[in-house]
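The sequence and the coordinates come up next.

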Amino acid sequence: VQLQASGGGLVQAGGSLRLSCAASGRTFSVDGLGWFRQAPGKQREFIAAIRWSGGFTYYADSVKGRFTFSRDNTKRTVSLQMNSLKSEDTAVYYCAIRTLTLSGTYNVTFPTAYDYWGRGTLVTVSS
């Protein structure tokens, strides 16, 4: 399973970007997908997640109301629309999936809940 995050770039504060995460590889069933970010010198931070069954979404308080999930099941792509960007949103953004090969309950905000990670995409917000 390969994940590819894209859509990062340089944007001014108040602007918008749309990140995408595309999955490829062997056939698998997705339980959930999460977005995390990591700023220089900081720990990886949960941003948003979606549970595939039911489409339930979760957002960190820091991005709630500004970031929104969308997904395309046929293309196996998930997008994260980021609006009203702030300088503190500057980070490398990662997408991760949890496949149904993992069992048990999990907390979508924990990086350890996910079994596949993509390479990050850099988002830089200038003030």
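Start with Trp117, which counts as partly exposed because its relative accessibility is 30% (buried is under 20% relative accessible area, exposed is over 50%, and partly exposed is in between, with a 1.4 Å probe and protein chains only). A quick word on provenance: this is a predicted model, where local features need pLDDT of at least 70, side-chain atom pairs count only at pLDDT 80 or more, and totals for chains, interfaces and linings use all residues. Residues are numbered from 1 along each chain as its sequence is written, and side-chain values use heavy atoms, with hydrogens and water left out.

**Rings**

The structure holds 5 aromatic pairs. For a pair, the ring centres of Phe, Tyr or Trp (its six-membered ring) lie within 6.5 Å; planes under 30 degrees apart are called stacked, over 60 edge-to-face, and the rest tilted. Phe36 and Tyr114 make an edge-to-face pair, 5.5 Å centre to centre with 80° between the planes. Phe36 sits in strand β4 (residues 30-38) and Tyr114 in the loop between β9 (91-99) and β10 (116-117), so this contact ties together parts that are 78 residues apart in sequence. Strands here are DSSP runs of E, at least two residues long, numbered from the N terminus.

How buried are these two? Phe36 has a relative accessible area of 0%, and Tyr114 comes in at 6%, so that one is buried as well.

Phe36 also pairs with Trp117, this time tilted, at 5.1 Å centre to centre and 50° between the planes. That pair links strand β4 with strand β10, where Trp117 lies, 81 residues apart. Ring pairs join Phe36, Tyr114, Trp117 and Phe46 into a cluster.

**Charges over rings**

Here NZ of Lys or CZ of Arg must be within 6 Å of the ring centre and within 35 degrees of the ring normal.

| Charged residue | Ring | Distance to ring centre |
|---|---|---|
| Arg44 | Trp117 | 4.8 Å |
| Arg71 | Trp52 | 4.7 Å |

**The sulfur link**

Which cysteines form a disulfide? Cys21 and Cys95 do, with their sulfur atoms 2.1 Å apart (the cut-off is a pair of cysteine sulfur atoms within 2.5 Å). The link is right-handed, with 70° about the S-S bond. Cys21 belongs to strand β3 (residues 17-24) and Cys95 to strand β9, 74 residues apart, so distant parts of the chain are linked. The structure holds 1 disulfide, and both Cys21 and Cys95 are buried.

Note on methods. Helix = DSSP H or I, 4+ residues; strand = E, 2+ residues; numbered from the N terminus.
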